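Please open the model below in your viewer and keep the selection panel at hand.

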Amino acid sequence: MSEALQSLLDLLDLERIEEDIYRGHSRSAVIPRVFGGQVAAQALVAAGRTVPEDRHAHSLHAYFLRPGDPGAPIVYNVDRLRDGRSFTTRRVVAVQHGKPVFGLSASFQTYEEGLDHQAPMPPAPDPATLPTGEERLRSYPHLPADTVERFVEARAAVDLRYVDDPPFGDFGTPREPHSQVWFRTNGKLSDDPLLHVVLATYVSDMTLLDSVLLAHGRGGWAVGDVVGASLDHAMWFHRPFRADEWLLYDQQSPSASGGRGLGQARIYTEDGRLAISVIQEGVVRVPRDH
């Protein structure tokens with residue numbers, strides 16, 4: 001296991017303060033606020049620790065309420081909304097400086113047999129043929145060195161490989177609002193199903209709004225031609241998967257309007273099983289001088 005991955009796992013291992021109350025800390029991010037994927041992953045950890053082990057996360061719905069302060073701890077308060085025969089529902093509110101910064105509802109289910117179908121996996125190149133995220137970042141001379149280093153550090157726990165140039169690599173001309181990324185953790189994980197769901201949640205916030213930027217030829221936060229933040233985030237976990245094995249993140253944007261952009265995606269295992277569906281809306285604004 002890489003040192004960066006172990007550091008991320010330590011970050012996600014919340015401190016229990018009291019019954020249904022947990023505390024987490026933050027790590028450096030590309031932007032000067034808490035990374036949204038981190039607070040979503042930590043909130044899911046808090047919810048999962050109040051649920052029986054035989055019930056696995058099948059969905060989450062979340063709102064980003066305020067920018068998180070990376071210099072202060074985050075307290076996660078869990079409400080046990082329902083414990084049914086098949087489903088368990090939890091609500092988590094993340095608090096900093098006495099104010100809610102993030103809210104999450106998550107549902108967990110016991111295993112059941114049932115009807116089964118899925119959308120087919122789209123074509124994508126073998127991840128082994130693609131440059132690593134670090135290799136691709138360092139290949140763009142227009143990116144400031146400090147920006148590259150912040151990206152490399154923030155994503156060091158994950159092997160994340162773009163199929164095509166990301167928005168910050170090739171911008172200025174609109175492209176199809178579609179992006180593909182392969183990802184897996186930089187090291188093996190335990191067999192705990194919650195851990196794999198939590199790691200996928202963490203990664204899911206890294207690139208989902210890229211397709212919005214592609215549609216308008218914008219390079220994004222890395223080059224400063226847009227400003228933005230995640231507003232809400234929803235995920236459905238359809239089938240078992242491992243976050244330490246290759247997952248294809250197939251993303252697209254059906255709409256942008258009113259200073260907001262919508263990204264939707266499907267995450268497939270390497271052998272073609274649809275594992276996760278994701279939808280996120282975010283603020284995407286063009287600065288006045290652009």
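A salt bridge, as the term is used here, is a side-chain nitrogen of Lys or Arg within 4 Å of a carboxyl oxygen of Asp or Glu. The model is predicted, so local features need pLDDT of at least 70 and side-chain atom pairs count only at pLDDT 80 or more, while totals for chains, interfaces and linings use all residues. Residues are numbered from 1 along each chain as its sequence is written, and side-chain values use heavy atoms, with hydrogens and water left out.

**Charged pairs**

Select Asp191 and Arg242 to begin, whose side chains meet in a salt bridge with an N to O distance of 2.8 Å. Asp191 lies in the loop between strand E8 (178–185) and helix H5 (193–207), and Arg242 in the loop between strand E9 (227–237) and strand E10 (247–257), so the pair ties together parts that are 51 residues apart in sequence. Helices (H or I, at least four residues) and strands (E, at least two) are DSSP runs, numbered from the N terminus. For accessibility, buried means under 20% relative accessible area, exposed over 50%, and partly exposed in between, with a 1.4 Å probe and protein chains only. Asp191 is exposed at 62%, whereas Arg242 is partly exposed at 24%.

Next select Arg260 and Glu281, which form a salt bridge at 2.9 Å, N to O. Arg260 belongs to strand E11 (residues 260–269) and Glu281 to strand E12 (residues 274–285), so this pair ties together parts that are 21 residues apart in sequence. Arg260 has a relative accessible area of 36%, and Glu281 has one of 21%.

Within helix H4 (residues 145–154), select Arg150 and Asp146, which are four residues apart and thus separated by about one helical turn. Their closest N and O atoms are 3.5 Å apart, and the pair forms a salt bridge. Finally, display Arg16, Glu19, Asp20 and Arg80 together, as these are linked in a network of salt bridges. The count for the model comes to 17 salt bridges.

**The interior**

A nonpolar core is a set of buried Ala, Val, Leu, Ile, Met, Phe, Trp, Tyr and Cys residues joined through side-chain atoms within 4.5 Å. In the largest one, which has 67 residues, select Tyr76, Phe102 and Ile276, the members that touch the most others. Contact means heavy atoms within 4.5 Å, and, not counting residues up to four places away in sequence, Ile276 touches residues including Met235, Trp236, Phe237 and Ile267.

**The largest pocket**

On a 1 Å grid over the protein atoms alone, a pocket is an open set of points where a 1.4 Å probe fits, with protein on both sides within 12 Å along at least five of seven lines, and lining residues have an atom within 4 Å of a point. Select His56, Ala57, Phe237, His238 and Pro240, which lie nearest the centre of the largest pocket among its 33 lining residues. Strand E3 (55–64), strand E6 (99–110), H5 and E9 each supply at least two residues of this lining.

**A last stop**

Which residues is Ser179 in contact with, leaving aside its neighbours within four places in sequence? Select Ser179 in strand E8, where it is buried at 8% relative accessible area, and then show Asp210, Leu214, Tyr249, Asp250 and Gln251, the residues with which Ser179 is in contact.
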